[in-house]
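Subject: The two-chain model, with notes

Hi there,

Here is the structure I promised to send over. Have a look at it first, and then read on for what I found.

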Amino acid sequence: MTTEKTYTVPTMADLAAANEEPEVLFWVGCAGSFDDRYKRVTIAFVRILNHVGIKFAVLGPEEACTGDPARRAGNEFLFQMQAMANIQVLNGYNVKKIVTACPHCFNTLKNEYPDLGGKYDVIHHSQFLQGLIDEGRIKVKDGESFKGRKITFHDSCYLGRANKVYEAPRHVLAALDADLVEMKRVRANGLCCGAGGGQYFKEPEPGNKDVNVERVEEALATGADTIAVACPFCMTMMSDGVKNKNQEDKVRVYDISELIAQKQGL
Amino acid sequence: MEIIQQILFVAALTAVAWYISKRVRLISRAIKLGRPENRYDHADERLKTMLLVAFGQKKMFTNLLVGLMHFVIYAGFIIINIEILEIILDGVLGTHRLFAPYITPVYSILIDVFELLAFGVLIVCIVFLCRRFVARVARFQQERHREMTEWPRKDAAIILIAEILLMIAFLTWNASDSVLRDRGVGHYGELRGIVPDFLISQYLKPLFTSFSDTGLIAYERTAWWLHILGILAFAIYVTYSKHLHIALGFPNVYFSDLQPKGEMQNMPEITKEVQLALGIPLSTNADGSQANDNGEQPGADSPAEIGRFGAKDVYDLKWINLMNAYSCTECGRCTSACPANITGKKLSPRKIMMDTRDRLEDIRRGWQANGDDYKDDKSLLGDYITVEEINACTTCQACINACPININPLDIILQLRRYRVMEESQAPASWNAMFSNIENNMAPWKFSPSDRFNWADQVNEVK
């Protein structure tokens with residue numbers, strides 16, 4: 001293992017002990033913490049933050065589920081228990097700005113915590129990455145070349161329709177110098193991957209097809225070799241769909257931050 | 001003869017006005033069954049939304065051609081109403097083309113515009129009938145959508161055919177009137193030289209040249225009466241039909257949601273209980289108050305007595321949900337965009353709205369048959385909407401996005417889910433597992449919370 005640079009992941013507790021405050025709190029989320037595939041996204045994003053020299057921190061073991069799936073399944077009690085416990089922690093650290101790689105955490109923290117006393121400036125990592133690109137802090141480096149590769153972007157409902165973030169992830173992908181090809185149903189008309197509203201945590205109701213298969217067929221029809229996502233649940237659903245179509249050798253599913261990390265050689 | 005016509009006309013007008021006001025009161029009472037919620041805030045933003053989405057029909061233009069066709073009917077509906085004003089005054093006063101002598105140069109231009117629109121409406125209604133019954137656009141078909149039973153399909157056909165007949169009556173009335181004017185018959189002749197032939201109806205005049213004067217007068221009167229009585233009957237019919245959107249579409253958009261589509265509404269009554277359970281003082285906001293972003297006190301507009309959690313029936317929903325139901329035109333754009341429906345699940349957002357209105361109309365029928373205090377033992381969840389339907393929703397908001405008049409079926413689904421989970425404790429088993437994982441492990445999966453930060457150990461490992 002030869003890394004020129006050592007990446008670090010400071011926690012809020014570390015910084016507080018040193019009487020410091022981060023520029024931004026990285027809210028990792030449950031999938032980013034526990035899901036083997038999405039942990040790689042968390043790591044890619046942390047490497048970018050390190051590389052660019054952002055003073056960030058995570059909550060580490062003090063973080064807990066935002067309560068989003070519980071709320072959408074109908075369990076408001078559980079949601080509010082989670083929310084209020086999280087808000088106590090966040091307010092305790094005087095957190096002002098939060099970035100997260102999960103659109104569900106993003107939506108909940110941004111739109112639903114204020115009513116319960118948690119008011120923060122919350123942005124999604126696609127917006128954060130776009131900012132870094134616009135400021136010239138992420139530069140095209142001698143990493144992987146994307147020239148001539150076809151990438152299609154799958155809009156996450158809770159990023160797109162829910163919060164109207166359509167351009168930021170596309171802007172990030174444009175920095176790769178790849179060939180961005182769009183699916184038929186995109187942006188406000190984007191088709192869900194099938195995971196939202198608690199569906200990820202149960203078997204689908206009886207039907208004639210799985211939603212993720214329907215969506216992956218549309219993605220494959222673009223001829224792209226890479227499906228870019230910006231959500232842990234879309235990541236799983238799209239990856240499963242690609243496997244269902246036996247295309248996993250030809251088509252890969254990546255989060256936008258992984259693609260930027262690859263481009264940067266991180 | 002004239003005076004008899006005037007008396008009949010005033011009688012018809014009064015009867016229709018009385019009946020419609022009765023219907024309006026009933027529908028308004030049904031909408032008010034919903035829980036109160038203040039939607040009179042942010043007037044400028046609401047007005048702007050209404051101008052764009054309702055008056056400007058912004059969302060209809062997602063499909064440009066269909067948007068344009070619908071706009072022709074809409075513009076026809078709004079603008080031809082100016083002509084209705086003259087028709088009504090003529091009917092009451094026993095006059096003929098009352099405005100013509102006073103606004104002579106403008107008059108013929110106005111009628112030309114009305115005729116052009118009437119012709120446009122006629123053509124578009126034929127195209128729309130063809131889309132439904134010949135081209136068989138999927139979202140209107142019962143084979144594909146079980147909520148498109150006989151009545152909704154018949155309702156659509158009745159409306160389109162009625163509009164076609166009304167436009168034919170209007171155009172042929174003008175044509176027969178023009179012929180009578182040319183011939184100088186009675187008072188019709190008085191407008192000779194004042195009112196010229198009109199844009200469209202001039203081409204229909206040959207149909208009437210073989211008529212005798214008496215026959216022509218008979219046709220002119222019949223067409224005039226059919227046209228106005230048709231409009232009055234249509235106005236009554238609309239209150240029983242999906243077509244009510246022509247009136248309710250505007251307030252429905254005005255009062256529609258302003259918050260981001262992804263935001264689920266907070267339940268302040270639960271906040272208090274959770275704060276007590278966690279031992280948090282009841283005021284936790286940074287500013288030391290419980291006021292939310294809108295400057296409202298949580299619970300300020302919730303009833304003093306906490307009802308049930310979530311919604312089992314229309315009484316538990318908000319009034320805007322019920323106005324949504326009465327405004328729904330059953331176009332099915334929501335259902336065509338719904339990922340659950342596309343993949344063959346039972347959920348159809350359109351059916352959620354239709355079921356909600358059916359429930360309200362059943363309650364209304366109950367009042368009329370058994371008195372105003374009547375309550376049956378049915379409920380929206382269970383007797384109209386099934387658990388399988390609400391459990392299939394991915395909360396992706398495609399339905400809200402697709403609706404041309406900002407109806408929110410998702411809000412109803414989520415309120416029904418809240419009832420199902422919090423009052424009946426009947427979540428699917430795997431959701432209960434997810435709940436208990438969140439409660440015990442702080443994540444929806446069964447991982448130890450102490451392992452939550454383990455990923456950081458791999459941050460320096462080469463990929």
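Buried residues account for 38% of the 463 residues in chain B. Please keep in mind that this is a predicted model. Chain B has 17 helices and 0 strands, and its C-alpha atoms fill a box of roughly 95 × 55 × 45 Å along the principal axes. Of the contacts in chain B with a separation of 6 or more, 77% are between residues 24 or more positions apart.

Helix H1 (residues 2–31) of chain B packs against helix H9 (residues 319–327) of chain B, with the axes 8 Å apart and an angle of about 135 degrees between them. An angle over 145 degrees would count as roughly antiparallel and 65 to 115 as roughly perpendicular, so H1(B) and H9(B) are oblique to each other. On the H1(B) side you will find B:Ile27, B:Ala30 and B:Ile31, which meet B:Trp319, B:Leu322, B:Met323 and B:Tyr326 of H9(B). By class, the residues of this contact between H1(B) and H9(B) are 7 nonpolar, with no polar and no charged ones.

Now to where the chains meet. The contact involves 65 residues of chain B and 66 residues of chain A. On the side of chain B that touches chain A, at least two residues each come from helices H8 (268–278), H11 (339–342), H14 (387–391), H15 (398–402), H16 (409–423) and H17 (429–441) of chain B. H17(B) gives the largest share of that side, with 6 residues. Sorted by class, the side of chain B that touches chain A holds 34 nonpolar, 19 polar and 12 charged residues.

Over in chain A, there is a sheet to look at. What is the order of its strands? The 4 strands run E2-E1-E3-E4 in an open sheet of chain A, and the pairing is parallel. Strand E2 (56–57) and strand E4 (121–124) of chain A are the edge strands, each pairing on one side only. Helix H7 (residues 125–134) of chain A packs on this sheet, where it touches strand E3 (97–100) and E4 of chain A. The direction of H7(A) makes about 85 degrees with that of E4(A). Elsewhere in the sheet, strand E1 (residues 24–27) of chain A pairs with E2(A) in the parallel sense over 2 bridges. A:Val24 has A:Phe56 in E2(A) as its bridge partner.

Happy browsing, and do write back with your thoughts!

Best wishes

Definitions and conventions. Residues numbered from 1 in each chain as written. Chains lettered and ligands numbered in written order. Predicted model: local features only at pLDDT ≥ 70, side-chain atom pairs only at ≥ 80, totals over all residues. Contact = placed C-beta atoms within 7 Å. Nonpolar A, V, L, I, M, F, W, Y, C, P; charged D, E, K, R; others polar. Buried ≥ 20, exposed ≤ 12 C-beta atoms within 10 Å, placed from the backbone. Pairing = 2+ DSSP bridges. Axes fitted to C-alpha atoms, helices over the stretch in contact; angles between N-to-C directions. Parallel < 35°, antiparallel > 145°, perpendicular 65-115°, else oblique.
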